[in-house]
Amino acid sequence: MSRFLSDNYKSLVPYVPGEQVNVKVIKLNTNESPFPPSPKVKEVLSEEVIDKLNLYSDPELKELTAAIAKQFDVTPDMVFCGNGSDDVLAFAIMGFCGRGGKLCCPEISYGFYPVYADIFGVELEQIPLNDDFSINAEDYIGKNKNIVIANPNAPTGLALSFDDVERIVSSNPDNLVIMDEAYMAFCYDSCMELVKKYPNLLVTRTFSKSHSLAGLRVGFGIAQKEIIEDLNKLKFSFNPYNINTLSVKAAAAAIADNEYYDDKISQIVATREKVQNQLRELGFRCTDSKSNFIFASSDRISAAELAAELRKRNILVRYFNKAKIDNYLRITVGAADDMQTLVSAITEILEERA
Ligand SMILES: *Cc1c(COP(=O)(O)O)cnc(C)c1O
């Protein structure tokens, strides 16, 4: 630490992303898609577009906003785009909860929520999950605080029902409810249609998981236009060109290619169900994940040891050294054949120890 860092930030504990590697490994640690993005993405990244990079990107992101609005059947003034959905979450938590505002979230959830709360001076309440890792919707009814919930939740993979989400949103009319739907494409139970009905709901999505574009860094939020206006006000006060021109073009092309992504998403869901069952047959406890990862624990080997053994075999999974989940692994659902390599490796590791 230098002598120059503001006292405000000295105690900050940053978010720790999953490892990125260059060597050839089976990478099941950061919930990326095993598939390349839609071929439409390559088509739009033309030389013509590259030659125009001397110009700033469109600060209003009209092309991308229109493409997203069309996909979700809302008007463009209901869409806010960010440099990853992390960017959208950051603007929302800063703007609606920052400098002494109140926010609550599940105790076991996306690791960035407490980090944002910390950096923006938000008073955060972390609400414990049920013993089976599900979220108790009752804990959020009439909470009278802003709320952020990942649905499906990470790293548990469990989803709240549409009805529970509506009860949470409708019972907190004077607070913002952020539903982080980073994994909703794998769950098919979005609350997106509720944004038209409730002025206090912001739904965030990302191109990183379902749309094979984690490296592009594009995410978005959908809400009624007053919320979007506020987010834009913050954005134009901080980083007006938050998405670059290439990302705008690529994401706009991707979001329109439903045929391509529906197929890839259903393959991932099918692989998830298959591997979850295989792991259960090996004696693992797995949550009923509705996302593109599996959350699994075994009594036969500790999660930390299993992660280390898999690593020796060039398979990366995510281990969280955190109370209540430190005997679980979060395993991204990768390509079908890689997942069979994983199952074989786990079988072998367990046999070696038997
Ligand atoms: C991955 C993830 C995000 C952020 O994704 P971006 O790559 O920033 O769009 C947000 N929320 C949850 C729960 C995630 O797992």
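Let's start with the ligand. The space it takes is the largest pocket. Keep in mind that this is a predicted model.

Look at Asp180. An N or O atom in the Asp180 side chain is 2.6 Å from a nitrogen atom of the ligand. Next, Thr206. There, a polar side-chain atom lies 2.5 Å from a ligand oxygen atom. Then Ser208. Its side chain has an N or O atom 2.6 Å from an oxygen atom of the ligand. And how much of the ligand does the protein bury? Alone, the ligand exposes 380 Å², and the protein buries 93% of that.

Let's step back to the whole protein. The domain assignment gives two pieces to follow. Domain 1 is made of 7-35 + 259-352. Domain 2 covers 39-257. How far apart are the C-alpha centres of the domains? They lie 24 Å apart. The domains also touch: 33 residues of domain 1 are in contact with 32 residues of domain 2.

Notes:
Residues are numbered from 1 along each chain as its sequence is written. This is a predicted model: local features need pLDDT of at least 70, side-chain atom pairs count only at pLDDT 80 or more; totals for chains, interfaces and linings use all residues. Side-chain values use heavy atoms; hydrogens and water are left out. A polar contact is a pair of N or O atoms within 3.5 Å; within protein, one must be able to donate a hydrogen and the other to accept it, and residues adjacent in sequence count only if both atoms are side-chain atoms. Accessible areas come from the Shrake-Rupley method with a 1.4 Å probe; for residues, only the protein chains shown count as cover. On a 1 Å grid over the protein atoms alone, a cavity is a set of points where a 1.4 Å probe fits but cannot get out, and a pocket is an open set with protein on both sides within 12 Å along at least five of seven lines; lining residues have an atom within 4 Å of a point. A molecule sits in a cavity or pocket if more than half of its atoms lie within 2 Å of its grid points. Domain bounds come from an automatic or database domain assignment. Contact means heavy atoms within 4.5 Å.
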